[in-house]
Amino acid sequence: RPQGFRGSPRWVWSSNRCFPAPSQSCPITMFWKFDLNTTSHVDKLLDKEDVTLEELMDEDDVLQECKAQNRRLLDFLCQQHCMEQLVTLITHEPPVDMDEKVRFKYPNTACELLTSDVPQINDKLGGDETLLNILYDFLDHEPPLNPLLASFFSKTIGNLIARKTEQVISFLRKKDKFLSLVLKHIDTSAMMDLLLRLISCVEPAALRQDVLNWLNEARIIQRLVELIHSSQDEDRQSNASQTLCDIIRLSRDQSAQLQDVPEPDPLLTALESQECVEQLLRNMFDGEQTENCIVNGTQVLLTLLETRRSGVEGLMDSYTQGFERSYTVNSSILHGIEPRLKDFHQLLLRPPKKPAILTTLGVLEEPLGNARLHGSRLIAALLHTNTPSINQELCRLSTMDLLLDLFFKYTWNNFLHFQVELSIAAILSHSMHEGKPSPGEPGSKEEAPSGNAAPESAEPSEPSEPAAGAPENIMVTHLFQKCCLVQRILDAWEANDKIQ
(Lines give C-alpha, C1' and ligand atoms only; values in the text may rest on other atoms or scores of the structure.)
Protein backbone atom coordinates (compact mmCIF):
# COMPACT_ATOMS: atom_id res chain seq x y z
CA ARG A 1 0.00 0.00 0.00
CA PRO A 2 1.18 3.57 -0.50
CA GLN A 3 3.52 4.99 2.13
CA GLY A 4 1.61 6.82 4.85
CA PHE A 5 -1.69 5.05 4.05
CA ARG A 6 -3.18 3.96 7.39
CA GLY A 7 -6.24 2.03 6.31
CA SER A 8 -6.42 -1.77 5.95
CA PRO A 9 -5.17 -3.00 2.55
CA ARG A 10 -7.84 -4.49 0.33
CA TRP A 11 -5.44 -6.38 -2.05
CA VAL A 12 -2.06 -8.07 -1.71
CA TRP A 13 0.38 -8.64 -4.58
CA SER A 14 2.33 -11.91 -4.66
CA SER A 15 4.16 -13.64 -7.56
CA ASN A 16 2.74 -11.08 -9.97
CA ARG A 17 -0.81 -11.95 -8.97
CA CYS A 18 -3.36 -10.01 -6.95
CA PHE A 19 -5.19 -11.63 -4.00
CA PRO A 20 -7.77 -10.33 -1.53
CA ALA A 21 -6.12 -9.16 1.68
CA PRO A 22 -6.33 -11.58 4.62
CA SER A 23 -7.91 -10.72 7.93
CA GLN A 24 -5.71 -9.19 10.61
CA SER A 25 -5.43 -12.55 12.38
CA CYS A 26 -3.49 -13.95 9.38
CA PRO A 27 -0.10 -12.26 8.81
CA ILE A 28 0.34 -10.84 5.33
CA THR A 29 3.96 -12.11 5.27
CA MET A 30 2.82 -15.72 4.83
CA PHE A 31 1.97 -14.98 1.19
CA TRP A 32 5.60 -14.19 0.43
CA LYS A 33 6.83 -17.61 1.58
CA PHE A 34 5.37 -19.56 -1.28
CA ASP A 35 5.85 -19.49 -5.02
CA LEU A 36 2.38 -20.18 -6.31
CA ASN A 37 3.58 -20.31 -9.91
CA THR A 38 4.12 -24.12 -10.12
CA THR A 39 4.54 -24.40 -13.88
CA SER A 40 8.18 -25.29 -14.62
CA HIS A 41 10.17 -24.64 -17.77
CA VAL A 42 10.23 -28.43 -18.32
CA ASP A 43 6.41 -28.55 -18.42
CA LYS A 44 6.35 -25.66 -20.85
CA LEU A 45 8.79 -27.49 -23.11
CA LEU A 46 6.73 -30.66 -22.95
CA ASP A 47 3.77 -28.69 -24.28
CA LYS A 48 5.66 -28.41 -27.58
CA GLU A 49 4.88 -31.20 -30.02
CA ASP A 50 8.40 -31.39 -31.45
CA VAL A 51 10.39 -31.07 -28.21
CA THR A 52 13.72 -32.94 -28.29
CA LEU A 53 15.65 -34.74 -25.58
CA GLU A 54 18.52 -32.26 -25.94
CA GLU A 55 16.17 -29.33 -25.28
CA LEU A 56 15.00 -30.93 -22.07
CA MET A 57 18.55 -31.75 -20.96
CA ASP A 58 19.50 -28.11 -21.51
CA GLU A 59 17.09 -27.14 -18.73
CA ASP A 60 18.76 -26.73 -15.34
CA ASP A 61 15.82 -28.22 -13.43
CA VAL A 62 15.31 -31.36 -15.55
CA LEU A 63 17.04 -33.61 -13.01
CA GLN A 64 15.08 -32.08 -10.14
CA GLU A 65 11.83 -32.62 -12.02
CA CYS A 66 12.84 -36.20 -12.78
CA LYS A 67 13.58 -36.99 -9.14
CA ALA A 68 10.29 -35.33 -8.18
CA GLN A 69 8.71 -37.89 -10.56
CA ASN A 70 7.09 -35.41 -12.89
CA ARG A 71 4.72 -37.79 -14.68
CA ARG A 72 4.82 -36.06 -18.08
CA LEU A 73 8.62 -35.89 -18.05
CA LEU A 74 9.00 -39.57 -17.08
CA ASP A 75 6.56 -40.64 -19.78
CA PHE A 76 8.66 -38.74 -22.31
CA LEU A 77 12.02 -40.07 -21.06
CA CYS A 78 10.83 -43.68 -20.94
CA GLN A 79 9.91 -43.77 -24.61
CA GLN A 80 12.07 -46.35 -26.35
CA HIS A 81 13.90 -43.90 -28.61
CA CYS A 82 14.66 -41.55 -25.70
CA MET A 83 16.01 -44.35 -23.51
CA GLU A 84 18.17 -45.62 -26.36
CA GLN A 85 19.49 -42.10 -26.89
CA LEU A 86 20.29 -41.71 -23.18
CA VAL A 87 22.17 -45.02 -23.02
CA THR A 88 24.05 -44.22 -26.23
CA LEU A 89 25.16 -40.88 -24.79
CA ILE A 90 26.89 -42.55 -21.83
CA THR A 91 28.55 -45.29 -23.89
CA HIS A 92 29.80 -43.55 -27.03
CA GLU A 93 32.44 -40.86 -27.38
CA PRO A 94 30.90 -37.47 -28.24
CA PRO A 95 32.13 -35.83 -31.45
CA VAL A 96 35.63 -34.38 -31.06
CA ASP A 97 34.69 -31.17 -32.91
CA MET A 98 32.24 -30.12 -30.18
CA ASP A 99 33.03 -27.29 -27.80
CA GLU A 100 35.02 -28.74 -24.92
CA LYS A 101 32.76 -27.06 -22.36
CA VAL A 102 29.64 -28.89 -23.58
CA ARG A 103 31.23 -32.03 -25.00
CA PHE A 104 30.40 -34.18 -21.98
CA LYS A 105 27.46 -32.12 -20.71
CA TYR A 106 24.83 -34.34 -22.31
CA PRO A 107 26.51 -37.65 -21.30
CA ASN A 108 26.76 -36.39 -17.72
CA THR A 109 23.11 -35.32 -17.63
CA ALA A 110 22.06 -38.61 -19.26
CA CYS A 111 23.90 -40.56 -16.55
CA GLU A 112 22.26 -38.50 -13.80
CA LEU A 113 18.81 -39.16 -15.29
CA LEU A 114 19.43 -42.90 -15.71
CA THR A 115 20.71 -43.24 -12.12
CA SER A 116 18.17 -40.89 -10.50
CA ASP A 117 16.70 -43.96 -8.77
CA VAL A 118 13.22 -43.39 -10.17
CA PRO A 119 11.30 -46.71 -10.34
CA GLN A 120 9.84 -46.02 -13.79
CA ILE A 121 13.31 -45.49 -15.31
CA ASN A 122 14.81 -48.45 -13.43
CA ASP A 123 12.01 -50.73 -14.62
CA LYS A 124 12.40 -49.62 -18.22
CA LEU A 125 16.19 -49.90 -18.31
CA GLY A 126 16.49 -53.10 -16.26
CA GLY A 127 13.71 -54.93 -18.09
CA ASP A 128 14.65 -54.15 -21.69
CA GLU A 129 17.41 -56.34 -23.17
CA THR A 130 17.84 -53.99 -26.14
CA LEU A 131 18.85 -51.20 -23.77
CA LEU A 132 21.00 -53.53 -21.67
CA ASN A 133 22.82 -54.71 -24.80
CA ILE A 134 23.60 -51.12 -25.84
CA LEU A 135 24.98 -50.58 -22.35
CA TYR A 136 26.95 -53.84 -22.35
CA ASP A 137 28.52 -53.15 -25.76
CA PHE A 138 30.57 -50.41 -24.11
CA LEU A 139 32.85 -53.17 -22.77
CA ASP A 140 33.64 -54.30 -26.33
CA HIS A 141 35.57 -51.10 -27.01
CA GLU A 142 39.33 -51.43 -27.24
CA PRO A 143 41.35 -50.23 -24.25
CA PRO A 144 41.95 -47.74 -22.92
CA LEU A 145 38.36 -46.77 -22.19
CA ASN A 146 37.45 -43.13 -21.79
CA PRO A 147 37.60 -42.84 -17.96
CA LEU A 148 34.62 -40.46 -17.77
CA LEU A 149 32.36 -42.64 -19.92
CA ALA A 150 33.59 -45.67 -17.97
CA SER A 151 32.48 -44.00 -14.74
CA PHE A 152 29.03 -43.29 -16.27
CA PHE A 153 28.76 -46.91 -17.42
CA SER A 154 29.85 -48.30 -14.04
CA LYS A 155 27.49 -46.03 -12.11
CA THR A 156 24.53 -47.00 -14.31
CA ILE A 157 25.19 -50.75 -14.15
CA GLY A 158 25.89 -50.47 -10.42
CA ASN A 159 22.55 -48.77 -9.83
CA LEU A 160 20.78 -51.54 -11.75
CA ILE A 161 22.62 -54.23 -9.77
CA ALA A 162 21.26 -52.67 -6.58
CA ARG A 163 17.71 -51.94 -7.86
CA LYS A 164 16.95 -54.56 -10.53
CA THR A 165 19.22 -57.26 -9.18
CA GLU A 166 17.73 -60.46 -10.52
CA GLN A 167 17.14 -59.15 -14.06
CA VAL A 168 20.61 -57.63 -14.43
CA ILE A 169 22.51 -60.54 -12.85
CA SER A 170 20.61 -62.94 -15.11
CA PHE A 171 21.52 -60.79 -18.14
CA LEU A 172 25.22 -60.57 -17.21
CA ARG A 173 25.54 -64.30 -16.51
CA LYS A 174 24.38 -65.02 -20.05
CA LYS A 175 27.34 -63.01 -21.36
CA ASP A 176 30.25 -65.45 -21.45
CA LYS A 177 32.80 -62.68 -22.01
CA PHE A 178 31.55 -60.30 -19.32
CA LEU A 179 34.16 -61.02 -16.63
CA SER A 180 36.95 -61.32 -19.19
CA LEU A 181 36.06 -57.89 -20.59
CA VAL A 182 35.93 -56.34 -17.10
CA LEU A 183 39.41 -57.71 -16.36
CA LYS A 184 40.62 -56.55 -19.77
CA HIS A 185 39.71 -53.00 -18.74
CA ILE A 186 40.77 -53.29 -15.07
CA ASP A 187 43.34 -50.52 -15.62
CA THR A 188 40.29 -48.20 -15.55
CA SER A 189 39.25 -47.77 -11.94
CA ALA A 190 35.54 -47.74 -12.84
CA MET A 191 35.80 -51.44 -13.76
CA MET A 192 37.21 -52.16 -10.32
CA ASP A 193 34.20 -50.39 -8.80
CA LEU A 194 31.82 -52.45 -10.96
CA LEU A 195 33.40 -55.72 -9.81
CA LEU A 196 33.09 -54.68 -6.16
CA ARG A 197 29.42 -53.79 -6.64
CA LEU A 198 28.76 -57.34 -7.80
CA ILE A 199 30.21 -58.55 -4.50
CA SER A 200 28.74 -56.01 -2.11
CA CYS A 201 25.41 -54.75 -3.54
CA VAL A 202 23.52 -57.97 -4.27
CA GLU A 203 20.57 -58.85 -2.03
CA PRO A 204 19.06 -61.13 -0.72
CA ALA A 205 21.74 -63.33 0.87
CA ALA A 206 20.85 -66.40 -1.21
CA LEU A 207 21.27 -64.50 -4.48
CA ARG A 208 24.50 -62.95 -3.22
CA GLN A 209 25.88 -66.40 -2.47
CA ASP A 210 24.88 -67.49 -5.96
CA VAL A 211 26.79 -64.54 -7.46
CA LEU A 212 29.87 -65.30 -5.32
CA ASN A 213 29.80 -68.92 -6.49
CA TRP A 214 29.54 -67.74 -10.11
CA LEU A 215 32.57 -65.43 -9.67
CA ASN A 216 34.51 -68.18 -7.92
CA GLU A 217 33.76 -70.71 -10.68
CA ALA A 218 35.08 -68.13 -13.16
CA ARG A 219 38.31 -68.06 -11.05
CA ILE A 220 38.09 -64.32 -10.62
CA ILE A 221 40.52 -64.31 -7.66
CA GLN A 222 43.18 -66.34 -9.47
CA ARG A 223 42.84 -64.15 -12.56
CA LEU A 224 43.30 -60.98 -10.51
CA VAL A 225 46.39 -62.47 -8.86
CA GLU A 226 47.81 -63.22 -12.31
CA LEU A 227 47.57 -59.50 -13.13
CA ILE A 228 50.00 -58.65 -10.30
CA HIS A 229 53.03 -59.52 -12.40
CA SER A 230 56.00 -57.57 -13.72
CA SER A 231 54.81 -58.24 -17.29
CA GLN A 232 51.63 -56.17 -16.71
CA ASP A 233 51.49 -52.38 -16.83
CA GLU A 234 51.44 -50.50 -13.54
CA ASP A 235 47.78 -49.41 -13.61
CA ARG A 236 46.56 -52.96 -14.16
CA GLN A 237 48.73 -54.26 -11.31
CA SER A 238 47.69 -51.48 -8.96
CA ASN A 239 43.95 -51.84 -9.63
CA ALA A 240 44.10 -55.65 -9.41
CA SER A 241 45.86 -55.34 -6.05
CA GLN A 242 43.36 -52.78 -4.76
CA THR A 243 40.45 -54.94 -5.91
CA LEU A 244 41.80 -57.98 -4.03
CA CYS A 245 42.34 -55.88 -0.89
CA ASP A 246 38.79 -54.53 -1.08
CA ILE A 247 37.36 -58.03 -1.64
CA ILE A 248 39.16 -59.28 1.48
CA ARG A 249 37.81 -56.45 3.64
CA LEU A 250 34.29 -56.57 2.18
CA SER A 251 34.07 -60.34 2.56
CA ARG A 252 35.30 -60.27 6.15
CA ASP A 253 32.94 -57.44 7.09
CA GLN A 254 29.95 -59.17 5.53
CA SER A 255 30.88 -62.51 7.09
CA ALA A 256 31.01 -60.82 10.49
CA GLN A 257 27.62 -59.16 9.96
CA LEU A 258 25.93 -62.30 8.57
CA GLN A 259 27.24 -64.96 10.93
CA ASP A 260 24.32 -67.32 10.26
CA VAL A 261 25.21 -67.71 6.55
CA PRO A 262 25.28 -71.49 5.85
CA GLU A 263 28.11 -71.34 3.28
CA PRO A 264 31.52 -69.66 3.63
CA ASP A 265 32.46 -66.90 1.23
CA PRO A 266 34.17 -68.76 -1.66
CA LEU A 267 36.15 -65.69 -2.77
CA LEU A 268 37.63 -65.18 0.69
CA THR A 269 38.37 -68.89 0.96
CA ALA A 270 40.24 -68.75 -2.36
CA LEU A 271 42.19 -65.66 -1.32
CA GLU A 272 43.24 -67.15 2.03
CA SER A 273 44.35 -70.44 0.51
CA GLN A 274 48.01 -71.39 0.59
CA GLU A 275 47.97 -71.95 -3.18
CA CYS A 276 46.82 -68.37 -3.83
CA VAL A 277 49.45 -66.89 -1.48
CA GLU A 278 52.19 -68.98 -3.08
CA GLN A 279 51.14 -67.91 -6.59
CA LEU A 280 51.20 -64.26 -5.57
CA LEU A 281 54.71 -64.65 -4.10
CA ARG A 282 55.94 -66.41 -7.24
CA ASN A 283 54.72 -63.47 -9.31
CA MET A 284 56.57 -61.08 -7.00
CA PHE A 285 59.93 -62.83 -6.69
CA ASP A 286 60.39 -65.38 -9.50
CA GLY A 287 61.81 -63.85 -12.66
CA GLU A 288 62.20 -60.11 -13.02
CA GLN A 289 61.62 -58.22 -9.77
CA THR A 290 60.08 -54.77 -10.03
CA GLU A 291 59.21 -52.38 -7.25
CA ASN A 292 55.65 -51.95 -8.50
CA CYS A 293 54.92 -55.69 -8.50
CA ILE A 294 56.49 -56.22 -5.06
CA VAL A 295 54.60 -53.30 -3.53
CA ASN A 296 51.22 -54.32 -4.98
CA GLY A 297 51.69 -57.96 -4.00
CA THR A 298 52.77 -57.03 -0.48
CA GLN A 299 49.69 -54.83 -0.06
CA VAL A 300 47.50 -57.90 -0.65
CA LEU A 301 49.53 -59.93 1.87
CA LEU A 302 49.27 -57.14 4.44
CA THR A 303 45.49 -57.07 4.00
CA LEU A 304 45.36 -60.84 4.49
CA LEU A 305 47.37 -60.40 7.71
CA GLU A 306 45.13 -57.66 9.10
CA THR A 307 43.79 -58.58 12.52
CA ARG A 308 41.91 -55.33 12.94
CA ARG A 309 39.69 -53.42 10.53
CA SER A 310 41.18 -50.10 11.61
CA GLY A 311 44.64 -50.93 10.25
CA VAL A 312 47.94 -49.67 11.60
CA GLU A 313 46.45 -47.51 14.37
CA GLY A 314 44.52 -50.49 15.68
CA LEU A 315 47.68 -52.59 15.46
CA MET A 316 49.57 -50.12 17.64
CA ASP A 317 46.68 -49.89 20.12
CA SER A 318 46.61 -53.67 20.50
CA TYR A 319 50.05 -53.62 22.11
CA THR A 320 48.65 -51.69 25.05
CA GLN A 321 45.26 -53.40 25.19
CA GLY A 322 46.20 -57.05 25.54
CA PHE A 323 45.95 -58.10 21.89
CA GLU A 324 42.19 -58.02 21.48
CA ARG A 325 41.67 -59.17 17.90
CA SER A 326 38.71 -58.89 15.62
CA TYR A 327 40.07 -61.50 13.24
CA THR A 328 42.46 -64.45 13.49
CA VAL A 329 44.96 -64.88 10.66
CA ASN A 330 44.38 -68.09 8.72
CA SER A 331 47.33 -70.50 9.15
CA SER A 332 47.34 -71.26 5.41
CA ILE A 333 48.39 -67.63 4.76
CA LEU A 334 51.33 -67.97 7.16
CA HIS A 335 52.32 -71.35 5.68
CA GLY A 336 52.39 -69.75 2.23
CA ILE A 337 54.56 -66.83 3.35
CA GLU A 338 57.05 -68.66 5.57
CA PRO A 339 59.19 -70.30 2.82
CA ARG A 340 59.49 -66.88 1.15
CA LEU A 341 60.81 -64.97 4.17
CA LYS A 342 64.29 -65.33 2.69
CA ASP A 343 63.09 -63.41 -0.38
CA PHE A 344 61.86 -60.53 1.79
CA HIS A 345 65.18 -60.58 3.63
CA GLN A 346 67.01 -60.32 0.31
CA LEU A 347 64.66 -57.53 -0.70
CA LEU A 348 65.75 -55.54 2.36
CA LEU A 349 69.39 -56.23 1.45
CA ARG A 350 69.22 -55.68 -2.30
CA PRO A 351 66.05 -53.92 -3.48
CA PRO A 352 65.28 -53.12 -7.14
CA LYS A 353 67.65 -50.39 -8.29
CA LYS A 354 66.47 -46.81 -7.84
CA PRO A 355 68.16 -43.61 -9.07
CA ALA A 356 69.65 -41.15 -6.59
CA ILE A 357 67.21 -38.48 -5.39
CA LEU A 358 67.74 -34.93 -4.23
CA THR A 359 66.42 -34.25 -0.72
CA THR A 360 66.44 -31.19 1.51
CA LEU A 361 69.50 -32.73 3.20
CA GLY A 362 71.41 -33.37 -0.01
CA VAL A 363 71.61 -36.19 -2.56
CA LEU A 364 70.50 -39.63 -1.35
CA GLU A 365 72.52 -42.06 -3.44
CA GLU A 366 70.56 -45.16 -2.43
CA PRO A 367 66.96 -44.33 -1.47
CA LEU A 368 65.19 -46.77 0.84
CA GLY A 369 62.42 -47.20 -1.72
CA ASN A 370 58.80 -48.25 -1.47
CA ALA A 371 59.61 -51.96 -1.92
CA ARG A 372 61.81 -52.07 1.19
CA LEU A 373 59.32 -50.00 3.16
CA HIS A 374 56.58 -52.52 2.31
CA GLY A 375 58.94 -55.36 3.21
CA SER A 376 59.39 -53.82 6.65
CA ARG A 377 55.61 -53.46 6.99
CA LEU A 378 55.19 -57.16 6.25
CA ILE A 379 57.79 -58.14 8.86
CA ALA A 380 55.96 -56.05 11.47
CA ALA A 381 52.63 -57.68 10.57
CA LEU A 382 54.16 -61.18 10.73
CA LEU A 383 55.72 -60.51 14.14
CA HIS A 384 52.31 -59.38 15.33
CA THR A 385 50.94 -62.89 14.61
CA ASN A 386 53.61 -64.38 16.95
CA THR A 387 53.97 -67.57 14.90
CA PRO A 388 56.80 -69.72 16.37
CA SER A 389 58.07 -71.09 13.04
CA ILE A 390 58.11 -67.63 11.48
CA ASN A 391 59.90 -66.20 14.53
CA GLN A 392 62.55 -68.93 14.25
CA GLU A 393 63.08 -68.26 10.55
CA LEU A 394 63.40 -64.51 11.12
CA CYS A 395 66.00 -65.22 13.82
CA ARG A 396 67.88 -67.57 11.51
CA LEU A 397 67.94 -64.94 8.78
CA SER A 398 68.76 -62.12 11.27
CA THR A 399 66.06 -60.01 9.67
CA MET A 400 65.55 -57.85 12.76
CA ASP A 401 69.28 -57.12 12.79
CA LEU A 402 69.01 -55.99 9.18
CA LEU A 403 65.97 -53.82 9.94
CA LEU A 404 67.90 -52.11 12.73
CA ASP A 405 70.79 -51.51 10.32
CA LEU A 406 68.34 -49.75 7.99
CA PHE A 407 66.76 -47.90 10.93
CA PHE A 408 70.06 -46.25 11.84
CA LYS A 409 71.23 -45.84 8.23
CA TYR A 410 68.12 -43.96 7.10
CA THR A 411 68.17 -41.44 9.91
CA TRP A 412 65.38 -39.26 8.54
CA ASN A 413 62.97 -41.94 7.25
CA ASN A 414 60.26 -41.91 9.90
CA PHE A 415 58.04 -44.21 7.80
CA LEU A 416 60.67 -46.94 8.21
CA HIS A 417 61.25 -45.98 11.84
CA PHE A 418 57.57 -46.50 12.61
CA GLN A 419 57.59 -50.03 11.13
CA VAL A 420 60.70 -50.99 13.14
CA GLU A 421 59.02 -49.55 16.23
CA LEU A 422 55.95 -51.70 15.53
CA SER A 423 58.17 -54.78 15.15
CA ILE A 424 59.95 -54.22 18.46
CA ALA A 425 56.68 -53.40 20.21
CA ALA A 426 55.20 -56.68 18.94
CA ILE A 427 58.18 -58.71 20.20
CA LEU A 428 58.18 -57.10 23.65
CA SER A 429 54.40 -57.20 24.06
CA HIS A 430 54.19 -60.90 23.19
CA SER A 431 56.99 -61.54 25.67
CA MET A 432 55.07 -59.62 28.35
CA HIS A 433 51.89 -61.67 27.80
CA GLU A 434 53.56 -65.08 27.61
CA GLY A 435 54.28 -67.28 30.62
CA LYS A 436 53.59 -64.76 33.38
CA PRO A 437 54.24 -66.58 36.69
CA SER A 438 51.65 -66.30 39.40
CA PRO A 439 52.49 -64.36 42.60
CA GLY A 440 54.55 -66.52 45.00
CA GLU A 441 55.88 -68.77 42.20
CA PRO A 442 59.61 -68.83 41.37
CA GLY A 443 60.38 -65.85 39.17
CA SER A 444 57.47 -63.77 40.41
CA LYS A 445 57.93 -60.16 41.50
CA GLU A 446 57.16 -61.04 45.13
CA GLU A 447 60.15 -63.38 45.27
CA ALA A 448 62.65 -61.14 43.44
CA PRO A 449 61.86 -57.42 43.38
CA SER A 450 64.79 -56.78 41.01
CA GLY A 451 63.82 -59.59 38.63
CA ASN A 452 65.36 -57.91 35.61
CA ALA A 453 68.84 -57.97 37.11
CA ALA A 454 71.29 -60.78 36.40
CA PRO A 455 72.40 -63.04 39.32
CA GLU A 456 75.51 -61.78 41.13
CA SER A 457 77.48 -64.91 40.23
CA ALA A 458 76.96 -64.35 36.53
CA GLU A 459 79.44 -62.48 34.40
CA PRO A 460 78.17 -59.02 33.38
CA SER A 461 78.18 -59.98 29.70
CA GLU A 462 76.13 -63.13 30.21
CA PRO A 463 72.32 -62.94 30.09
CA SER A 464 70.30 -64.33 32.98
CA GLU A 465 68.34 -67.52 32.44
CA PRO A 466 64.59 -67.19 32.01
CA ALA A 467 62.67 -67.65 35.23
CA ALA A 468 61.05 -71.01 35.93
CA GLY A 469 57.57 -71.16 34.47
CA ALA A 470 58.39 -68.41 31.98
CA PRO A 471 59.52 -70.01 28.70
CA GLU A 472 62.25 -68.18 26.84
CA ASN A 473 60.97 -65.99 24.04
CA ILE A 474 63.26 -66.59 21.08
CA MET A 475 62.60 -63.19 19.50
CA VAL A 476 63.33 -61.27 22.72
CA THR A 477 66.61 -63.15 23.20
CA HIS A 478 67.51 -62.48 19.56
CA LEU A 479 66.63 -58.80 19.83
CA PHE A 480 68.79 -58.10 22.90
CA GLN A 481 71.68 -60.54 22.36
CA LYS A 482 72.19 -60.87 18.61
CA CYS A 483 70.84 -57.47 17.59
CA CYS A 484 72.35 -55.66 20.63
CA LEU A 485 69.35 -53.30 20.69
CA VAL A 486 70.30 -51.43 23.88
CA GLN A 487 73.92 -50.86 22.83
CA ARG A 488 72.81 -49.62 19.39
CA ILE A 489 70.50 -47.09 21.02
CA LEU A 490 73.28 -45.87 23.33
CA ASP A 491 75.75 -45.62 20.44
CA ALA A 492 73.21 -43.68 18.39
CA TRP A 493 72.61 -41.35 21.35
CA GLU A 494 76.33 -40.56 21.63
CA ALA A 495 76.69 -40.10 17.86
CA ASN A 496 73.70 -37.76 17.87
CA ASP A 497 75.24 -35.68 20.65
CA LYS A 498 78.40 -35.24 18.60
CA ILE A 499 76.47 -34.26 15.48
CA GLN A 500 74.41 -31.74 17.43
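## Salt bridges at a glance

Welcome! This structure holds 26 salt bridges, each being a side-chain nitrogen of Lys or Arg within 4 Å of a carboxyl oxygen of Asp or Glu. The model is predicted, so local features need pLDDT of at least 70 and side-chain atom pairs count only at pLDDT 80 or more, while totals for chains, interfaces and linings use all residues. Residues are numbered from 1 along each chain as its sequence is written, and side-chain values use heavy atoms, leaving out hydrogens and water.

Lys164 pairs with Asp123 in a salt bridge, with 2.8 Å between the closest N and O atoms. The two are 41 residues apart: Lys164 sits in the loop between helix 9 (147–163) and helix 10 (165–174), and Asp123 in helix 7 (residues 119–126). Helices here are DSSP runs (H or I, at least four residues), as are strands (E, at least two), numbered from the N terminus.

Lys164 is buried at 14% relative accessible area, whereas Asp123 is partly exposed at 42%. Buried means under 20%, exposed over 50%, and partly exposed in between (1.4 Å probe, protein chains only).

## A pair within one helix

Arg396 forms a salt bridge with Glu393, their closest N and O atoms lying 2.9 Å apart. Both belong to helix 23 (residues 388–397), and because they are 3 residues apart, about one helical turn separates them. Arg396 is exposed, at 57%, but Glu393 is buried, at 18%.

Elsewhere, salt bridges with shared partners connect Asp401, Asp405, Lys482 and Arg488 in one network.
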